[in-house]
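Let's take a walk through a protein model together, strand by strand and helix by helix. Have a look at the picture first, and then read on with it beside you.

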Amino acid sequence: MASNIRTVIEITDTHIKLLQVRFGRGKLAVTDYQACPVDGKTDDELRSIIHNMIQARAIAPEQFIVVLPRRLTSIRRLRVPSLEEGEIRQMLPLQIGQILPYSPEDVVYGYDILEKEKAGYSRLLTYIVHKDVSEKYSRLFDNASAMPTKYVPSSLGVAEWYRTRRSASGNGPVLILNLDLMHTEACFVHKDQLLFSRVINFGVTSLSPESLAALTEQVELTVKLYRKEGFGDDIVNILLVATLPVGKEIIEALTNKLSMPVVSCAPIENIVGVEIEGTDRLQTNPGLSMTVCLGLACADPNRLVNLIAKQAHDLSTVGTRRRQIWRFSLAGGLFLAAFIAFGGADLFSGLAIQQRLKAQSLTLEGSASEAREKVRLLDSVDAYLAKRFLFSNIITKLYQLIPPDITLRSMNIDRTGNMVLGGYAQSGSAVNLFQSRLVSTADFSDVTLQFTAKRKLYNQDMVEFKIQFKLKQAS
């Protein structure tokens, strides 16, 4: 299976889109494209469509990307008190738990660093999807011959598409309006980085004189929200992306409404740094946007946030291997029984045949024994993992206990379950409250306040503290 073939599948309200490209030596060729309507389809019917799409093609799993629609993805801005990647990853579960009505273990998340401040803070753009959404998408690929390895938000596909034509990006942020049949995705991009995005429920099919005013009003509200929240510098122009030519009416309406230049283009225009062949394949569904699929097909996979439910995927892999071992063991046993029966019927045919059957029986018995040993090993690994400390559970428990005026700066844990938390509090009483809650919790023991010290941080009096305690081993 060729590893230079990349496959992208996008599921929208109207279609399942599949784009395959072959890349290499600075060229990218569109080798396959298909779009199937999904209006009114059940999950089983969608699963059947995806199965047929994948079965008919050679797909390399390591180059298989699925798009998560913006409406199912939460994109939030966060500011965390650290510049170190490791510390940022440790802080994110607590931060996410404070801005969403879910436990951190119920979501899959990733992030991009927008800025590292001299004051010691990092500004993040965080992408969050509930595990139910990620697992629902995984179920759609259950009976397919290839499973995707990345789930990427659609807004990142728009940003990656714009990266391919960055020579035309100008000196400031740009608002990209990616028009699909039934919706428009508004993405603010600057210096190859997504700043903010939103879905507007008007698409190519809604560009009538009656709906044009509503569309321009929604674009204006989106720009006002971007400016009010201070998501970035003011935008310098608007880029309309559509596979069908847009009328001058919408360009004039947006220009008058927002007092800035508005330009329209097709997704395959002005692509820089890569030669694209076979684009005639994309003309078979007028009005259907391929911007996201094309952007992700051109992207460096290492740059892309991955919102696949990794734990569920790993458990599925272990279960599959276990079933394969059991099937091998059963087949070996049946094969052994068949040879023994055959040998019994021909018991007196000669010593040479008898010895050969014994040798074959010993070989099969060894294979079956090896398979059983592998199953016992998997059971031992499962039992060992069940007794390990599950970090997501620890984070959830700490989130429930920590007072709102405490910010954790560091968390360290060793193999024996000793954990040390460091951070800042607005008052000493908050530290005492946090310590008392830890003491009264059955999951922790030997809670010790190692030290407290008053500090002035950013012209504000704070109490620095460090608390040590021990995690109780799972039974």
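Both faces of strand 1 are covered: Ile5, Thr7, Ile9 and Ile11 on one side are all buried, and so are Arg6, Val8 and Glu10 on the other. "Buried" here means under 20% relative accessible area, with exposed meaning over 50% and partly exposed in between, using a 1.4 Å probe and protein chains only. Why two sets of residues? In a regular strand the side chains alternate between the two faces of the sheet. Strands (E, at least two residues) and helices (H or I, at least four) are DSSP runs, numbered from the N terminus.

Before going on, keep in mind that this is a predicted model, where local features need pLDDT of at least 70, side-chain atom pairs count only at pLDDT 80 or more, and totals for chains, interfaces and linings use all residues. Residues are numbered from 1 along each chain as its sequence is written, and side-chain values use heavy atoms, leaving out hydrogens and water.

So who are the partners of strand 1? It pairs with strand 2 (residues 15-24) in the antiparallel sense over 7 bridges; two strands pair if DSSP finds at least two bridges between them. A hairpin of 3 residues links strand 1 to strand 2, and Arg6 sits opposite Val21 in strand 2. Strand 1 also runs parallel to strand 4 (residues 64-68), joined by 4 bridges, with Val8 opposite Ile65 in strand 4.

Next comes an open sheet of 3 strands in the order 5-7-6, with antiparallel pairing. Strand 5 (74-80) and strand 6 (107-116) are at the edges with a single partner strand each, so one side of each has no neighbour in the sheet. From one strand to the next, the twist averages 25°; angles run from 0 to 180 degrees between N-to-C directions, and axes are lines fitted to C-alpha atoms, for helices over the stretch in contact. Strand 5 and strand 7 (residues 122-130) are joined by 7 bridges, and Arg77 faces Leu125 in strand 7. Helix 2 (residues 85-99) lies across strand 5, strand 6 and strand 7, at about 120° to strand 6.

Another open sheet has 5 strands in the order 11-10-9-12-13, and its pairing is mixed. Its edge strands, strand 11 (193-200) and strand 13 (262-265), each pair on one side only. Strand 10 (residues 184-190) and strand 11 run antiparallel, with 7 bridges between them. Helix 5 lies across strand 9, strand 10 and strand 11, running at about 145° to strand 11.

Now zoom in on Thr222, which is found in helix 5 (residues 209-228). Is Thr222 buried or exposed? At 1% relative accessibility, Thr222 counts as buried. Leaving aside neighbours within four places in sequence, Thr222 is in contact (heavy atoms within 4.5 Å) with Ala186, Phe188, Phe196, Arg198 and Ile200. With Arg198, the side chains make a polar contact at 2.6 Å. That term means a pair of N or O atoms within 3.5 Å; within protein, one must be able to donate a hydrogen and the other to accept it, and residues adjacent in sequence count only if both atoms are side-chain atoms.

The chain has a mean pLDDT of 81, and 77% of its residues reach 70 or more; pLDDT is the predictor's confidence in each residue, from 0 to 100. Over residues 311-328, pLDDT stays under 50. Where pLDDT is low, the predicted coordinates should not be read in detail.
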